[in-house]
Amino acid sequence: MSRTVAKQDLDSRVFDAINLILLSIFTIIIVVPLWNVIVSSFSSGKSLAEGGFVFWPKEFSLENYQAVFRDTSIWQSFFISISKTFLGVITHVFFCAMIGYGLSKKYVRGRKLYVAMGVITMFFSGGMIPTYLLIKSLGLLNSFWVYIIPALFSYYDVVILMNFFRNVPDSLEESAKIDGAGDWRIFLKIFIPLSMPAMATIALFNGVGQWNDFMTTKLYITDQALYPLQMKLYEIIVQSQTQSMQNIGGSVVIETTTKGVQLATIVITTLPIVVMYPILQRYFISGMMLGAVKE
């Protein structure tokens, strides 16, 4: 008996050691390139010209970030990006939650038809030109609301929330109705708090999509005052590359400065999402409803 226990303990230790080694390798593969990008963004053009992997900046410099923030309109782009991401996430999650809550009820008339129509939108779309004509007919060209209204609905997210709402015990809703609660109060006070893990997941992915959205501006916006951060930084990179190509001597310093600007833009655009993820991570708890109902 003691030999069996000792063998099981040895196997468990070997398994844990293998998992630790694999996890360490996986972590290094992810962290090292990110660290290289961050460190290189703080390196001078001369040190970047030497090439190779940069573990620590040989010549610490802020010239790359100064080149990015030299354009004062960058702060307007920051405001547009933050505004459209914040407002877009709230409206998208709430709108999809309302539709998911309604479709989760079997007694809703025409529910199968609505579900079938939603599934069709998951596989087929009108295309770029019809969508552009629709946006134009709605008067959303060169409007801030072109970032918000077209992104309100996503049936993928509706399906996730609809299935999550179905797992809420019926006894919770029945007890709330006995106490005189209506549908809106049940939705806001019971279903929304209990579905926070699913809603936080959708909010995170939608927020990343809103923050990194580039094509909406490219297709529907010509007013530079409505340019988000992604579009503004794209212009900065294009301008720096154009200056590099126009340089007659083909200076290595100018080329590497362009590379440094690109690395700085990567850090700037990634940092807000990296900061937001730990804030939303605490909501990723699947067992939030455990103990909500006692039979």
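Me: Let's start with packing: how close do the axes of helix α7 (residues 155-166) and α10 come, and at what angle do they cross?

Reply: First, the ground rules. This is a predicted model, where local features need pLDDT of at least 70 and side-chain atom pairs count only at pLDDT 80 or more, while totals for chains, interfaces and linings use all residues. Residues are numbered from 1 along each chain as its sequence is written, and side-chain values use heavy atoms, with hydrogens and water left out. Helices are DSSP runs of H or I with at least four residues, strands are runs of E with at least two, and both are numbered from the N terminus. Axes are lines fitted to C-alpha atoms, for helices over the stretch in contact, and angles run from 0 to 180 degrees between N-to-C directions. Here the axes of α7 and α10 come within 10 Å and cross at roughly 170 degrees. That makes the two helices roughly antiparallel; the classes are under 35 degrees for roughly parallel, over 145 for roughly antiparallel, 65 to 115 for roughly perpendicular, and oblique for the rest.

Me: Which residues make that contact?

Reply: Contact means heavy atoms within 4.5 Å. From α7 you get D157, I160, L161 and F164, and from α10 A198, M199 and I202. Sorted by class, that's six nonpolar, no polar and one charged. For the classes, Ala, Val, Leu, Ile, Met, Phe, Trp, Tyr, Cys and Pro count as nonpolar, Asp, Glu, Lys and Arg as charged, and the others, Gly among them, as polar.

Me: And at what angle do α9 and α10 pack?

Reply: At about 70 degrees, with their axes 5 Å apart, so α9 and α10 are roughly perpendicular to each other. I192, P193 and L194 of α9 meet M196, P197 and M199 of α10. By class, this contact has six nonpolar, no polar and no charged residues.

Me: Where does S195 lie, and why does S195 count as buried?

Reply: S195 sits in the loop between α9 (183-194) and α10 (196-212). Burial goes by relative accessible area: under 20% is buried, over 50% exposed, and partly exposed in between (1.4 Å probe, protein chains only). S195 counts as buried because its relative accessibility is 0%. Setting aside neighbours within four places in sequence, S195 is in contact with F164 and F165. S195 and L161 are 34 residues apart in sequence but 7.7 Å apart in space, C-alpha to C-alpha.

Me: How far apart are the end C-alpha atoms of α10?

Reply: The expected span of a helix is 1.5 Å times one less than its number of residues. The 17 residues of α10 should span 24 Å, and the end C-alpha atoms are 24 Å apart, which agrees. Buried residues of α10 include A203, L204 and W211.

Me: How many aromatic pairs does the whole structure have?

Reply: Rings of Phe, Tyr and Trp (its six-membered ring) pair if their centres lie within 6.5 Å; planes under 30 degrees apart are stacked, over 60 edge-to-face, and the rest tilted. A search of the whole structure finds 13 pairs. One of them, F165 with F191, is edge-to-face, at 5.6 Å centre to centre and 80 degrees between the planes. The pair links distant parts of the chain, with F165 in α7 and F191 in α9, 26 residues apart. F165 is buried at 2% relative accessible area, and F191 is buried at 1%. Ring pairs also link F94, Y101, F165, W184, F187 and F191 into a cluster.
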